[in-house]
Amino acid sequence: MCRLYPPGSVGQRKALWVPKYKTAPKGEAATAVCNIQGERTTQDPLQASRAQHEVTSFLSSQMSAAKTAPPPGCTINIQDPQVQEAAIRIQASYRGHRSRKELREKGPPKILQPLKDVVLLEGSAAKLECRVSAFPDPFIIWAKDSKELKDGPKYRYVFEDPDVVALVVRDGVLADLGRYTVSVKNTFGATSDSACIIVEVPAKIAKGPDNVKVVKGATVTLKAGISGEPPPDVGWLKDGDDIEEDDRVFYDIGDTTTILTIKNAQLSDAGKYEVFVENNLGTDQSFARVDVL
């Protein structure tokens with residue numbers, strides 16, 4: 001409701017209906033209409049101009065308020081976890097943009113957060129990652145022990161906002177053990193960083209020894225395939241007791257095999273032999289029978 005009091009008027013003119021807020025396409029005219037009651041009075045042009053100015057100012061202020069106020073349902077709750085997460089991402093992107101802008105002014109790529117050694121369990125995946133600052137966007141190359149790695153099912157190149165580059169190594173095996181290097185290049189120069197993937201594999205008997213039959217006085221050899229990282233401890237037993245090594249009975253331990261040797265076999269050497277392996281991730285064992293005729 002608005003009231004109009006033109007200076008010098010005999011009566012009052014009263015607005016019966018205030019116009020509602022309306023919208024109009026940019027560049028087109030908008031019309032607001034209201035009904036009034038009261039006596040029509042004669043007034044000089046100056047007074048009429050002032051009255052018109054008052055009405056125009058009132059309508060303009062109302063329309064301005066309508067433009068600046070958000071529509072119903074468009075308020076933002078800053079306590080909402082999704083809103084807070086979005087704000088964090090925006091800030092991170094700004095930091096990344098700022099670092100790239102600074103790099104463009106100062107020179108070649110920089111490693112902002114270096115690679116770190118990671119542990120890869122057999123059969124699982126490992127991820128090497130670092131933060132870089134580079135503008136224009138850099139060209140990334142990953143290598144293992146100086147040999148370039150191609151992006152594919154085994155090695156996956158990953159680029160995360162705003163400035164993180166990563167390498168994911170899948171289906172971990174012992175052969176993935178080694179030093180990995182990331183090279184970052186753009187038109188301003190190049191930089192690199194490296195770290196190791198440490199593969200951990202439970203101790204395992206890859207192939208157990210075979211049963212054997214020999215004549216008295218012959219040489220017996222029992223061979224087993226072994227694996228594990230860290231390298232496992234290896235031992236041999238006969239009928240449940242540890243074998244005491246000497247010049248006639250002894251065993252050797254290699255990287256992937258262990259061999260028990262019995263020279264000049266005697267009837268007392270017949271029995272059940274066991275080989276076992278153990279590291280901090282697990283144990284394994286296998287058995288074989290030796291008969292001396």
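This is a predicted model: local features need pLDDT of at least 70, side-chain atom pairs count only at pLDDT 80 or more; totals for chains, interfaces and linings use all residues.

**Exercise 1. Work out which strands stand at the edges of the five-strand open sheet.**

Step 1. Write down the strand order, which is 13-20-19-15-16, with mixed pairing.

Step 2. Look for strands with a single partner: these are strand 13 (212–214) and strand 16 (241–242), so each has one side left without a neighbour in the sheet.

Step 3. Now zoom in on one pairing. Strand 15 (residues 233–238) and strand 16 run antiparallel and are joined by two bridges. Leu-237 has Asp-242 in strand 16 as its bridge partner.

Step 4. As background, strands of a sheet pair through backbone hydrogen bonds, either parallel or antiparallel.

**Exercise 2. Decide whether Asp-269 is buried or exposed, then find what its side chain reaches.**

Step 1. Locate the residue: Asp-269 sits in the loop between strand 18 (257–262) and strand 19 (271–279).

Step 2. Check its accessibility. The relative accessible area of Asp-269 is 7%, and buried means under 20%, so Asp-269 is buried.

Step 3. Follow the side chain, which reaches the backbone nitrogen of Gln-266 at 2.8 Å.

Step 4. List the surroundings. Setting aside neighbours within four places in sequence, Asp-269 is in contact with Lys-238, Arg-248, Ile-262, Asn-264, Val-290 and Val-292.

**Exercise 3. Find the salt-bridge partners of Asp-145, Arg-156 and Asp-176, and classify the residues of the Asp-176 pair by accessibility.**

Step 1. Start with the total: the structure holds 11 salt bridges. The general idea is that side chains of opposite charge can pair when their charged atoms come close.

Step 2. Asp-145 meets Lys-144 through their side chains, at 3.1 Å from N to O. Lys-144 is buried at 15% relative accessible area, while Asp-145 is partly exposed at 45%.

Step 3. Arg-156 pairs with Asp-151, with the closest N and O atoms 3.5 Å apart. Here Arg-156 is partly exposed at 32%, and Asp-151 is partly exposed at 43%.

Step 4. Asp-176 pairs with Lys-154, and their closest N and O atoms are 2.9 Å apart. This pair links distant parts of the chain, 22 residues apart: Asp-176 belongs to the loop between strand 10 (164–169) and strand 11 (178–186), and Lys-154 to the loop between strand 8 (147–148) and strand 9 (155–160).

Step 5. Classify that last pair: Asp-176 counts as buried at 3% relative accessibility, whereas Lys-154 counts as partly exposed at 25%.

**Exercise 4. Place Ile-259 in the fold and list its contacts.**

Step 1. Ile-259 lies in strand 18 and is partly exposed, at 29% relative accessible area.

Step 2. Compare sequence with space: Ile-259 and Thr-221 are 38 residues apart in sequence, and their C-alpha atoms are 6.6 Å apart.

Step 3. Leaving out neighbours within four places in sequence, the contacts of Ile-259 include Thr-221, Leu-222, Lys-223, Trp-236 and Phe-250. Tyr-251 and Asp-252 are also among them.

**Exercise 5. Which residues make the nonpolar surface patch?**

Step 1. The patch is made by Val-119, Leu-121, Leu-177, Ile-198 and Leu-281, and covers about 380 Å².

Step 2. Take one member: Val-119 is in strand 5 (residues 118–121) and is partly exposed, with a relative accessible area of 46%.

Note on methods
Residues are numbered from 1 along each chain as its sequence is written. Side-chain values use heavy atoms; hydrogens and water are left out. Patches are made of residues with over 30% relative accessible area and no salt bridge: like charges are joined within 9 Å, nonpolar side chains (Val, Leu, Ile, Met, Phe, Trp, Tyr) within 5 Å. Accessible areas come from the Shrake-Rupley method with a 1.4 Å probe; for residues, only the protein chains shown count as cover. A salt bridge is a side-chain nitrogen of Lys or Arg within 4 Å of a carboxyl oxygen of Asp or Glu. Helices (H or I, at least four residues) and strands (E, at least two) are DSSP runs, numbered from the N terminus. Buried means under 20% relative accessible area, exposed over 50%, partly exposed in between (1.4 Å probe, protein chains only). Two strands pair if DSSP finds at least two bridges between them. A polar contact is a pair of N or O atoms within 3.5 Å; within protein, one must be able to donate a hydrogen and the other to accept it, and residues adjacent in sequence count only if both atoms are side-chain atoms. Contact means heavy atoms within 4.5 Å.
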